[in-house]
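Welcome! Take a moment to look over the sequence and the model, and then we will walk through some of the features together.

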Amino acid sequence: MSAKRLLITGAASGIGAATAAELRSRGARVVGLDIRPAGDDVIACDVRDQESVDRGVAEAIERLGGGLDVLINNAGIGAIQSAGARPDEQALAVIEVNMLGPWRVTAAALPALREARGRVVNVASGLAYLSVPFAPAYCMSKRALVAYSDALRLEHGDAITVTTVYPGYIRTPIHDVSREAGLALEGLVPAEDVRDAARTLARASLGRRARDVATTRRGGLGYALLRRTPRRLVDRGTTAVMRHHARRGRFERSSVARDFSSRLGARPGRTS
């Protein structure tokens with residue numbers, strides 16, 4: 001394990017920074033990519049730009065001694081939208097970073113990964129299983145990332161392995177936008193510790209090969225239940241939770257959410 005050479009995107013903060021630290025504590029050699037470079041170990045890279053990705057991946061592989069054993073596609077952003085509104089620049093950025101970013105980085109790194117018979121670890125989300133209002137681009141991007149993992153495994157499983165990891169809600173900067181809009185997941189779903197995600201990603205990168213991994217036991221049980229529950233029941237449950245919080249005025253800071261609350265018949269102060 002100590003000889004493993006790893007590249008992780010979104011390495012400057014949140015899950016990426018915690019995972020890089022965890023991997024180094026286990027003896028791995030780690031180089032990061034991030035739109036915000038940090039120190040000597042995080043290279044400036046915009047995963048929305050293939051030329052930037054190609055340069056960043058090439059430099060990372062060079063710093064790692066000319067090879068690569070594991071790629072962790074972790075970079076991600078979130079934004080607030082309505083599924084009934086035209087996609088805005090923020091929605092397109094979410095798709096570019098979360099869905100196309102892993103594709104671009106993997107393509108750039110694939111020759112080195114195939115040579116090393118290495119591994120790709122894609123960081124999806126629990127929202128690949130459970131869609132929520134006000135985040136269509138994010139939910140779409142994470143569900144699509146699971147499909148990309150599957151396609152990559154089918155095409156290149158002769159030389160590499162592919163693992164998809166599903167974190168739950170973790171208090172990292174990706175939630176700043178929704179928090180400022182009064183639409184944070186805080187209180188709606190259980191919070192997970194970023195250290196659990198870091199340890200899970202380290203195991204997925206260095207340990208036993210697995211296809212799909214949740215970052216906590218509770219998350220794993222929840223996702224297993226969601227996969228086996230009819231979608232109409234999941235939708236009813238999600239709508240019931242949103243109505244409950246709408247009645248308590250939770251979504252009044254967002255015009256999108258106020259309209260949603262009104263259509264649910266759940267304006268603050270209503271009891272039925």
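## A walk through the model

R117 lies in the loop between α3 and β5. Its phi is positive, about 50°, although R117 is not a glycine. R117 is exposed, with a relative accessible area of 54% (exposed means over 50%, buried under 20%, and partly exposed in between, with a 1.4 Å probe and protein chains only). F134 also has a positive phi, about 75°, without being a glycine. F134 is found in the loop between β5 and α4, and with a relative accessible area of 9% F134 is buried.

Before going on, a word on the source. This is a predicted model, in which local features need pLDDT of at least 70 and side-chain atom pairs count only at pLDDT 80 or more, while totals for chains, interfaces and linings use all residues. Residues are numbered from 1 along each chain as its sequence is written, and side-chain values use heavy atoms, with hydrogens and water left out. Helices (H or I, at least four residues) and strands (E, at least two) are DSSP runs, numbered from the N terminus.

## The sheet

Strands of a sheet pair through backbone hydrogen bonds, either parallel or antiparallel. Here, seven strands form an open sheet in the order β3-β2-β1-β4-β5-β6-β9, with parallel pairing (two strands pair if DSSP finds at least two bridges between them). The edges are taken by β3 (42-44) and β9 (212-214), each with a single partner strand, so one side of each has no neighbour in the sheet. On average, neighbouring strands are turned by 20° against each other, direction ignored.

How many bridges join strand β5 to strand β6? Five bridges link β5 (residues 119-123) with β6 (residues 161-166), and the two strands run parallel. For R119, the bridge partner in β6 is T161. Helix α1 (residues 14-25) packs on this sheet and touches β1 (5-9), β2 (29-34) and β4 (70-73) (contact means heavy atoms within 4.5 Å). The direction of α1 makes about 170° with that of β1; axes are lines fitted to C-alpha atoms, for helices over the stretch in contact, and angles run from 0 to 180 degrees between N-to-C directions.

## Two helices side by side

Two packed helices are described by the angle between their axes and the distance between the axes. Helix α2 (residues 50-63) and helix α3 (residues 89-116) pack at about 35°, with axes 9 Å apart. Q50, V53, D54, V57 and I61 of α2 meet R104, V105, A108, A109 and A112 of α3.

## Salt bridges

A salt bridge is a side-chain nitrogen of Lys or Arg within 4 Å of a carboxyl oxygen of Asp or Glu. By this rule the count comes to 13, including these:

| Pair | Distance, N to O |
|---|---|
| R24 and D41 | 4.0 Å |
| R153 and D150 | 2.9 Å |
| D212 and R211 | 3.7 Å |

R24 is partly exposed at 35% relative accessibility, and D41 is partly exposed at 37%.

R153 and D150 both lie in helix α4 (residues 136-156), three residues apart, about one turn of the helix. Is R153 buried or exposed? At 17% relative accessibility, R153 counts as buried, whereas D150 is partly exposed at 26%. Finally, D150, R153, R211 and D212 are linked in a network of salt bridges.
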